[in-house]
Amino acid sequence: RIARATGATIVHRVEDLQDHDVGTRCGTFKIEKIGDEYFTFLVDCESPKACTVLLRGPSKDILQEMDRNLQDAMSVTRNVFLYPKLCPGGGATEMAGSVALKAKAKSIQGTQKWPYLALADALEVIPRTLIQNCGGNAIKVLTDLRANHAQGKNTFGVDGEKGTIVDMKTYGVWEPHAVKVQTFKTAIESACLLLRVDDIVSGISKKQEKQSGPVMEGPPEQGPMD
């Protein structure tokens with residue numbers, strides 16, 4: 001990071017060091033004492049390619065929480081820069097997918113429609129959980145949200161503080177498209193994996209029953225008479 005910030009070139013031996021390898025883009029080099037430790041600062045650098053974020057807090061637990069929050073924020077920013085697409089939050093994307101899957105299931109005959117309905121019910125867990133976490137009426141709010149999405153209002157979601165239905169365009173809650181797509185893919189693949197494992201286990205149990213043969217049931221054994 002120092003080499004990226006100052007424009008220096010890393011060499012493996014001192015004998016190979018040349019004038020153009022030395023970084024000259026650092027404006028100020030200083031050492032400051034913060035608490036009981038000394039920190040080195042390279043500031044006022046010209047077009048630095050790296051930087052350091054210094055976090056301070058009253059305890060180790062708070063510092064770890066701040067570190068996790070900062071990592072999440074930077075990851076979201078990175079995803080938006082790499083894939084500049086957003087989805088409405090507050091369970092709006094999940095409810096839109098649920099309504100679309102239920103509409104698709106109506107056009108399918110037989111047992112092939114049940115996977116669509118099962119996935120649609122699973123997607124409604126997200127807005128239902130948001131409603132329950134803020135103390136709202138899950139049945140009433142979820143029914144109203146489903147009705148709004150059936151009318152084409154696909155950006156309507158749940159207000160995580162009041163438990164009411166709001167338009168995420170005006171509310172300003174958005175989620176990265178890449179994260180949402182990966183979440184759906186992982187959930188479906190996990191469900192398929194569990195179904196495959198269940199089929200294997202049920203197949204093994206059937207083979208064991210065939211090999212052991214039918215079990216004969218007889219009268220219960222009687223113990224000695226007193």
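## Contacts of Ala138

Leaving out residues up to four places away in sequence, Ala138 touches Arg128, Ile131 and Gln132; contact here means heavy atoms within 4.5 Å. This is a predicted model, in which local features need pLDDT of at least 70 and side-chain atom pairs count only at pLDDT 80 or more, while totals for chains, interfaces and linings use all residues. Residues are numbered from 1 along each chain as its sequence is written, and side-chain values use heavy atoms, with hydrogens and water left out.

## The largest nonpolar core

Ala138 is one of the eight residues of the largest nonpolar core, along with Met95, Ile131, Val141, Leu142, Leu145, Phe156 and Val158. A nonpolar core is a set of buried Ala, Val, Leu, Ile, Met, Phe, Trp, Tyr and Cys residues joined through side-chain atoms within 4.5 Å. Buried means under 20% relative accessible area, exposed over 50%, and partly exposed in between (1.4 Å probe, protein chains only).

H6 and E4 are the elements that give two or more residues to this core. H6 gives the most, with four. Helices (H or I, at least four residues) and strands (E, at least two) are DSSP runs numbered from the N terminus.

## Thr155

Between helix H6 (138–150) and strand E4 (156–158) lies a loop that holds Thr155. Thr155 has a relative accessible area of 18%, so it is buried. Apart from neighbours within four places in sequence, its contacts are Pro88, Ala92, Val166, Asp167, Met168 and Lys169.

## The largest pocket

The largest pocket has a volume of about 520 Å³. Its lining has 21 residues, and those closest to the centre are Leu119, Ala122, Phe184, Ala187 and Ile188. On a 1 Å grid over the protein atoms alone, a pocket is an open set of points where a 1.4 Å probe fits, with protein on both sides within 12 Å along at least five of seven lines; lining residues have an atom within 4 Å of a point. Grid points are joined across faces, edges and corners, and a volume is the space filled by probe spheres set on the points.

At least two lining residues come from each of helix H3 (92–106), helix H4 (114–123) and helix H8 (177–212). H8 gives the most, with nine. The lining of this pocket has 15 nonpolar, three polar and three charged residues. Ala, Val, Leu, Ile, Met, Phe, Trp, Tyr, Cys and Pro count as nonpolar, Asp, Glu, Lys and Arg as charged, and the others, Gly among them, as polar.

## The second largest pocket

The second largest pocket has a volume of about 430 Å³. Of its 14 lining residues, Thr40, Phe41, Leu42, Cys51 and Thr52 are the closest to its centre. Strand E2 (37–43) and helix H1 (2–6) each supply at least two residues of this lining, and E2 gives the most, with five.
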